Amino acid sequence: MGNAREVALLALSACARQGAWSDGFLKRALRDSGMDSRDAALATRLCFGVLQNRILLDFYLSGLSRLPLRKLEERVLECLRLGAYQILFLDRVPDRAAVNESVNLARKYAKNPRSAGLVNGVLRGLVRQKESLPPPPDAAVQYSHPQWLADEFVRRLGREEAQALMAADNAQPPTMAQVNTGKASTAAAAERLRDEGVGVAPHPWLPDCLELSDTGSLERLESFRQGLFYIQDPAARLAVLAAGPEPGMKVLDACAAPGGKSFAAAIAMKNHGSILACDIHPHKQALIQAGAERLGLDCIQTQVLDGKCCKEEFLDKFDLVIADVPCSGLGIIRKKPDIRYKAPEPLENLPKVQAAILDNVARYVRPGSLDRHGCICPGGVLLYATCTLLERENEDVVRAFLDRHPNFTLEGFQVPGPFEGTDTGMLTCWPHRHNTDGFFFAKLRRLRAAYEIRPREGFGPFRLGMTEEEAEETCRRLGLPQAPQSFYLEYRDGRLSRIGLNADEDIRILYRGLELTRTHAEDVVAALSRESGLVCDCVDSELADTYDFPELGVELWRERVYHPKLLDRPEFQQLIAALPENLAYEQSHGWYFAQIWVQTDDFRAEFPLEPGRAPYDGGPWRSAPPHGPVPPEQMARVAPKYGLEPPAGPGGDERA
């Protein structure tokens with residue numbers, strides 16, 4: 001293979017003709033060509049530069065060519081793009097050289113002998129007009145993003161920030177090394193790299209991460225061969241840190257290639273525990289294993305696995321399951337510039353594939369349980385991740401999964417870096433905001449159980465009217481402990497007449513998708529009042545800790561008789577002013593239901609409801625976790641509603 005321009009031309013041609021990825025083809029071509037590092041760098045710059053600016057180059061070329069670009073031979077068009085890129089973007093390349101080299105390539109590879117003349121004429125015209133070219137009509141053309149993709153970014157981010165994202169997509173991505181702290185400290189690894197002539201700078205917010213420059217071929221570095229580091233974008237490692245791997249865990253990386261997240265988990269686990277790194281492609285198994293051996297991470301084993309197909313021996317076995325699913329890849333455009341030119345239609349089926357993988361591997365996550373002392377052992381974690389920025393592959397997939405799997409819940413996390421909203425359990429990293437890949441991940445915790453109320457019929461696994469023997473057999477079959485860790489069962493004439501369950505951080509109690517113990521009491525009562533056609537005013541003059549809905553056969557108990565309307569009382573306001581932390585306790589305990597019952601009759605409400613029209617507007621519900629400290633921003637929203645100044649910070653958990 002010839003010089004740098006010829007290698008770039010053939011790489012571009014392979015992308016267009018064969019659907020090859022530019023980075024993969026380029027690596028093989030450069031390795032086979034034997035060219036020096038300077039020419040290899042030029043070939044890479046030319047190939048990536050044309051792909052990053054293809055739409056803009058075509059905009060200018062179409063105004064200079066007497067033939068429509070779509071009618072040109074594919075390699076002739078690539079010759080024009082290569083020449084135009086050098087003329088417009090590479091100041092160190094003389095215009096004459098850019099024109100002559102492109103003409104020579106056209107003469108060598110074009111089928112039509114007149115093509116070289118066309119290339120010569122168009123590029124010379126570009127040289128003459130390059131100082132007076134018209135401005136691009138919009139940001140999509142300026143930054144060479146297909147219109148459908150630019151529209152997606154504008155819809156999500158707004159026009160100005162979408163433009164910043166597209167500009168970042170055309171920037172040179174940094175080379176990020178994650179230090180293998182099992183073999184060397186970050187300082188020692190940095191010193192070794194500097195001794196080998198590599199530029200090193202610490203990452204601004206991610207510990208044990210180094211930004212490298214002037215690396216040349218990584219394989220030539222002794223520090224690389226000795227496993228002192230591996231290459232991984234900070235966003236991908238951040239996702240693993242959010243999942244919280246710990247020594248001794250049993251981890252499954254279901255779509256593991258090329259292995260970076262398995263390596264990050266193994267290092268976080270201090271190489272203690274077990275990680276099964278799987279991929280559907282057999283040849284990638286060897287790639288992962290070679291990386292693990294180089295890093296000295298013997299807790300990693302590999303296996304071929306189709307993430308959509310159930311493996312019975314994996315059911316309920318893993319503390320952490322990582323699902324970095326196949327996706328459109330539109331978050332890594334700066335590393336794979338040609339990925340932006342994918343046709344959008346084939347991408348529409350990806351959420352179905354992602355959902356199928358997520359539904360399957362969720363079954364491998366260990367459920368929550370109670371130990372022999374009756375203490376909660378939280379369930380395992382499912383980490384969902386993609387390297388795309390499309391909501392339909394990210395947040396929408398997660399929300400749909402939660403609708404299908406009420407025994408999972410989003411769990412907040414803490415990670416280093418300039419990130420907000422991590423308490424939601426979902427996070428998107430953006431190239432233009434964080435200088436990372438575009439990357440999405442969600443942390444999902446498997447609960448001990450999720451139980452659905454069936455009005456006047458049953459609750460969870462139990463059915464009203466079943467015999468005591470049937471209920472006891474249900475408990476044994478499902479391994480359910482006795483109350484208060486599990487259901488309260490009351491009988492009349494030998495048959496189940498009342499079923500109760502306490503609120504718990506490791507279970508969900510649902511009625512038609514509404515979480516009865518994690519949703520504000522006002523909203524729960526309003527919703528059930530509409531369902532039953534009863535009137536219940538949550539700001540009535542009487543306080544109540546029990547609400548009955550006979551039409552539904554549902555009874556709800558609050559832990560204490562605290563109520564939002566207390567905030568209207570001067571004496572209560574004085575109490576809050578003296579001890580602001582009490583407002584946090586009110587919100588996290590007194591404003592949520594602590595016990596739910598389904599029953600046939602014998603309602604005992606202190607605040608019975610009356611038949612009539614429910615005077616409540618429709619949702620949305622104000623969902624919030626009933627346990628733990630209240631976030632400051634949530635306190636700030638709640639306090640003004642009831643006429644109080646928000647406290648300086650979140651309160652403790654002390655009783656009034």
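Q: Which residue in E7 stands opposite Leu 276?
A: Leu 276 stands opposite Gln 301 in E7. The model is predicted: local features need pLDDT of at least 70, side-chain atom pairs count only at pLDDT 80 or more, and totals for chains, interfaces and linings use all residues. Residues are numbered from 1 along each chain as its sequence is written, and side-chain values use heavy atoms, with hydrogens and water left out.

Q: What makes strand E6 and E7 a pair?
A: Pairing requires that DSSP finds at least two bridges between two strands. Five bridges join E6 (residues 274-279) to E7, and the two run parallel, so they pair.

Q: Why is Asp 319 called buried?
A: Its relative accessible area is 18%. Buried means under 20%, exposed over 50%, and partly exposed in between (1.4 Å probe, protein chains only), so Asp 319 counts as buried.

Q: What makes the pairing of the side chains of Asp 319 and Arg 366 a polar contact?
A: The distance is 2.9 Å. A polar contact is a pair of N or O atoms within 3.5 Å; within protein, one must be able to donate a hydrogen and the other to accept it, and residues adjacent in sequence count only if both atoms are side-chain atoms. The 2.9 Å value therefore lies within the cut-off.

Q: Why does Cys 387 count as buried?
A: Cys 387 has 19% relative accessibility, so it counts as buried.

Notes: Helix = DSSP H or I, 4+ residues; strand = E, 2+ residues; numbered from the N terminus.
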